[in-house]
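Here's a quick tour of a structure, written for someone who likes to know the cut-offs behind each term. Have a look at it first, then read on.

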Amino acid sequence: MHRTKVRIVEDALDANNTIARANREDFDRHGVTVVNLMSAPGAGKTTLLERTVSDLDGLRVGVLEGDVQGSFDADRLASLHIPVTQLNTDPGFGGECHLDANMVRSALSSLPLPQLDLLVIENVGNLVCPAEFKVGEDARVMISSVTEGEDKPLKYPLMFRACELVVINKIDLLAHLDYDLDKFLYHLDQVNPGVERMLVSARTGEGIDAWREWIAAAGERERALA
Ligand code: MG
Ligand code: ZN
């Protein structure tokens, strides 16, 4: 019984990976770097993007905005005059709480890939399943806000392991919280030793230059290869 269940999950992830590879080939053909941005709801993904995506040294940036319903975040980003495509998991994908490769594939035709150097995919806010589904990205970034508590790497280890960069957001609130940053970093190193991390406040702009440089470098890397 258990073995059958494991088998079904493995087959589903294999199928996802096959579609993710096809997405990746399409992105590569157009010389587009893809960053998959993941976090819990409310960690500040959209605010972080608002702060940076229209200001990246001539890099042409687009956003694929994943949400269960609605277009609140896409509307915010569209006001920055960059191409934003909304991808809702409800209706169409059963209201799923993550993006998978097939959903992203379904949105490819509405993305202006030939006009982009960098595509940021803002995943559905969720600390569990987005980590399990590759979508064809070059890099995965996880945002953890200090309001979420320092235990999160231990509670959601896969998410903190499945990324190349951890952005610790809302550091302007540290003075008002009982959050122990050293403890968080200790927990982070327990699940993903030495993973690159940066401290930012998307609200005040503190530390945001490091994030801007990171994401610009990600975009440049692919452009140099194209
Ligand atoms: Mg958002
Ligand atoms: Zn999910």
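Leaving aside its neighbours within four places in sequence, which residues is Asp26 in contact with? They are Arg105, Leu108 and Leu113, where contact means heavy atoms within 4.5 Å.

## Ground rules

This is a predicted model, in which local features need pLDDT of at least 70 and side-chain atom pairs count only at pLDDT 80 or more, while totals for chains, interfaces and linings use all residues. Residues are numbered from 1 along each chain as its sequence is written, chains are lettered from A and ligands numbered from 1 in the order in which they are written, and side-chain values use heavy atoms, with hydrogens and water left out.

Helices (H or I, at least four residues) and strands (E, at least two) are DSSP runs, numbered from the N terminus. Asp26 counts as buried because its relative accessibility is 12%; buried means under 20% relative accessible area, exposed over 50%, and partly exposed in between, using a 1.4 Å probe and protein chains only.

Phe133 sits in the loop between S4 and S5, and with a relative accessible area of 15% it's buried too. Leaving aside neighbours within four places in sequence, Phe133 is in contact with Leu13, Asn16, Asn36, His98, Leu99, Asp100 and Arg140. Take Asn16 from that list: 117 residues separate Phe133 and Asn16 along the chain, yet their C-alpha atoms are 6.9 Å apart.

## The zinc site

The zinc ion (ligand 2) has Cys97 (SG), His98 (ND1) and Cys129 (SG) as its protein donors, lying 2.0 to 2.3 Å from it. Donors here are N, O and S atoms within 2.8 Å of the metal (3.2 Å for Na, K and Ca); water is not among the atoms, so sites may look incomplete. Along the chain, the zinc donors follow the spacing C-H-x30-C.

The two cysteines link distant parts of the chain: Cys97 is in the loop between strand S3 (84-88) and helix H4 (101-107), and Cys129, 32 residues apart from it, is in the loop between strand S4 (118-122) and strand S5 (139-145). Cys97 counts as partly exposed at 33% relative accessibility, whereas Cys129 is buried at 13%.

## The magnesium site

Thr46 (OG1), Asp73 (OD) and Glu122 (OE) coordinate the magnesium ion (ligand 1) at 2.1 Å. Their spacing along the chain reads T-x26-D-x48-E. Asp73 lies in helix H3 and Glu122 in strand S4, so this pair ties together parts that are 49 residues apart in sequence. Both Asp73 and Glu122 are buried.

## The largest pocket

The largest pocket has a volume of about 300 Å³. On a 1 Å grid over the protein atoms alone, a pocket is an open set of points where a 1.4 Å probe fits, with protein on both sides within 12 Å along at least five of seven lines, and lining residues have an atom within 4 Å of a point. Grid points are joined across faces, edges and corners, and the volume is the space filled by probe spheres set on the points.

There are 23 lining residues, and the closest to the pocket centre are Gly42, Ala43, Gly44, Lys45 and Thr46. Thr46 is also a magnesium donor. Helix H2 (45-52), strand S2 (61-67) and helix H3 (72-78) each supply at least two lining residues, with H2 giving the largest share, three. The lining divides into six nonpolar, nine polar and eight charged residues; here Ala, Val, Leu, Ile, Met, Phe, Trp, Tyr, Cys and Pro count as nonpolar, Asp, Glu, Lys and Arg as charged, and the others, Gly among them, as polar.

## Aromatic pairs

There are three aromatic pairs. Rings of Phe, Tyr and Trp (its six-membered ring) pair if their centres lie within 6.5 Å; planes under 30 degrees apart count as stacked, over 60 as edge-to-face and the rest as tilted. Tyr179 and Phe184 make a tilted pair, at 6.0 Å centre to centre and 35° between the planes. Trp211 and Trp214 are stacked, at 6.0 Å and 10°, and both are buried.
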